[in-house]
Amino acid sequence: MKTVIIQYNAGNIQSVLYALERLGATALVTDDANEIKTADKVIFPGVGEASTAMQYLKERKLDLLIKNLEQPVLGICLGMQLMCAHSAENNTPCLGIFEEQVKQFKPLDATIKVPQIGWNTISNLKSVLFEGIPENSYAYFVHGYYAAMGAHTIATTNYVEDYSSALQKNNFYGVQFHPEKSALIGEQIIKNFLAL
Amino acid sequence: MLTKRIIPCLDIKDGRTVKGVNFEQLRDAGDPIELAALYAQEGADELVFLDITATIEKRKTLSELVNKIAHRINIPFTVGGGIKTEEDVSILLQNGADKISINTAAFLDPTIINRFAKNFGSQCVVLAIDTKLEADGNWYVYLNGGRQKTDSLTTTWAKKAVDLGVGEILLTSMNHDGTKQGFALDITATLSSLLPVPIIASGGGGTAEHFYDVFTTGKADAALAASIFHYKEVAIPDLKNFLINKGLAIRI
């Protein structure tokens with residue numbers, strides 16, 4: 001099986017590769033269109049800022065490429081947000097794979113810190129991606145923007161309000177948390193994705 | 001619900017874990033990779049590695065250690081010690097660190113906060129502050145591993161650093177560090193109430209009650225400790241069960 005991690009100007013790409021290696025899997029980190037197209041599984045990771053990431057993808061025509069992939073694709077954190085319709089982060093039009101909108105956390109009082117950093121629960125799990133994962137399991141999150149609840153929500157988390165901590169549409173999966181840093185729960189989710 | 005975080009800290013000197021009292025009297029506390037793996041397995045929420053003898057010659061050793069840790073553990077970790085340039089950050093992140101911690105270099109040149117935040121994102125920039133309560137009743141910032149006093153108030157420096165883009169603050173009370181008599185609740189609560197970013201309290205954690213106090217009275221988002229974990233005085237699973245029974249949101 002050939003797994004590709006899309007290389008672009010976002011952080012934490014190595015962490016995803018190391019997580020796969022811990023599971024005994026291998027992956028190719030690349031921005032080469034042909035390598036991405038011919039992969040069995042594609043992981044679209046990312047930590048960073050939406051508009052610079054989208055600009056980078058467009059310059060390399062990776063935006064159209066990603067949208068048209070037919071094999072299982074897993075977006076992580078910023079990767080998932082970029083798969084949505086639009087991000088409030090610098091008012092950025094995104095890939096539009098999911099219709100959901102990406103909004104900014106606006107806490108009502110100073111006790112709620114932004115970005116959300118740490119472990120929070122994932123609930124209402126609705127996808128094969130979460131096979132064997134108990135309801136209300138903890139996953140590791142680091143983010144100041146979030147995808148609103150919508151038709152493609154397959155996991156819900158609450159911070160300021162309920163939001164989509166995972167999305168799925170056809171072959172496209174996205175998780176807001178970092179499975180590569182979410183201990184055993186995260187490892188199981190990565191295994192489930194690789195087994196699709 | 002977002003949980004309070006328990007963070008073991010590993011001070012690294014020449015590739016080994018060490019721990020001192022009030023920033024001095026270093027003792028050997030074991031192989032950092034083995035300790036890190038053990039803590040991850042026991043339910044630590046994150047780890048912090050501080051290279052306390054960071055020099056230019058040893059940068060390569062540190063990045064190799066970071067790489068080994070990243071291959072072994074499945075929870076987030078922060079690396080600090082002698083980080084001054086974008087290249088330093090880039091190497092550590094490429095080797096698998098999730099966040100970097102800066103201290104003296106950021107104080108001497110605050111523009112690096114802004115540059116690091118812009119290039120790597122605020123979420124990966126942790127500002128470490130070593131602070132000490134002086135006889136005049138104020139908490140001051142100390143540099144160079146606690147050896148050099150400054151005239152800056154901790155609240156003033158922390159606020160400025162957040163405005164420049166740090167994503168978290170790791171606050172160590174030098175009065176409390178290594179004493180196991182409890183965290184500095186007042187300055188931790190003051191910073192947590194003042195600033196919109198998470199505060200990691202450090203220094204003085206000796207019992208499970210101390211952690212409860214710093215999460216409630218101290219309003220900390222996370223609490224860091226070293227020797228009590230290294231010398232198995234407090235086990236992470238026991239600590240977490242204690243806090244859960246007290247009604248706090250804690251991951252197990």
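## Helices H3 and H5 of chain B

In this predicted model, helices H3(B) and H5(B) cross in a right-handed way. H3 covers residues 86–94 of chain B, and H5 covers residues 111–120 of chain B. Their axes lie 10 Å apart, and the packing angle is about 40°. That angle makes H3(B) oblique to H5(B).

Which residues of H3(B) and H5(B) make the contact? H3(B) supplies Glu86(B), Val89(B), Ser90(B) and Leu93(B). H5(B) supplies Arg115(B), Phe116(B), Asn119(B) and Phe120(B). Sorted by class, this contact of H3(B) with H5(B) holds four nonpolar, two polar and two charged residues.

From H5(B) come Ile113(B), Asn114(B) and Ala117(B). They meet Trp157(B), Ala161(B) and Leu164(B) of H6(B). How do the residues of this contact of H5(B) with H6(B) divide? There are five nonpolar, one polar and no charged.

## Helices H8 and H10 of chain B

Another packed pair in chain B is H8, residues 208–216, with H10, residues 236–245. The angle between these helices is about 50°. Their axes are 9 Å apart. Are they oblique or roughly parallel? Angles under 35 degrees count as roughly parallel. H8(B) and H10(B) are therefore oblique to each other. Their crossing is right-handed.

On the H8(B) side, the contact uses Ala208(B), Glu209(B), Phe211(B), Tyr212(B) and Phe215(B). On the H10(B) side, it uses Leu239(B), Phe242(B) and Leu243(B). The contact of H8(B) with H10(B) has seven nonpolar residues, no polar ones and one charged.

## Strand pairing in chain A

Now turn to chain A. Strand S7(A) spans residues 101–104, and strand S5(A) spans residues 86–87. These two strands pair in the parallel sense, over two bridges.

## Two backbone details in chain A

Where does chain A have a cis peptide bond? Look at the step from Val114(A) to Pro115(A), where omega is near 5°. Pro115(A) sits in the loop between S7 and strand S8 of chain A, and S8 covers residues 116–122.

Cys77(A) is the second detail. Its phi is near 55°. That is a positive value in a residue other than glycine. Cys77(A) lies in the loop that runs between strand S4 (73–76) and helix H5 (78–82) of chain A.

## Confidence in the model

The model scores ipTM 0.91 and pTM 0.93.

Conventions:
Residues numbered from 1 in each chain as written. Chains lettered and ligands numbered in written order. Predicted model: local features only at pLDDT ≥ 70, side-chain atom pairs only at ≥ 80, totals over all residues. Heavy atoms only, no water. Axes fitted to C-alpha atoms, helices over the stretch in contact; angles between N-to-C directions. Helix = DSSP H or I, 4+ residues; strand = E, 2+ residues; numbered from the N terminus. Parallel < 35°, antiparallel > 145°, perpendicular 65-115°, else oblique. Left-handed = near helix turned anticlockwise from the far one by under 90°. Contact = heavy atoms within 4.5 Å. Nonpolar A, V, L, I, M, F, W, Y, C, P; charged D, E, K, R; others polar. Pairing = 2+ DSSP bridges.
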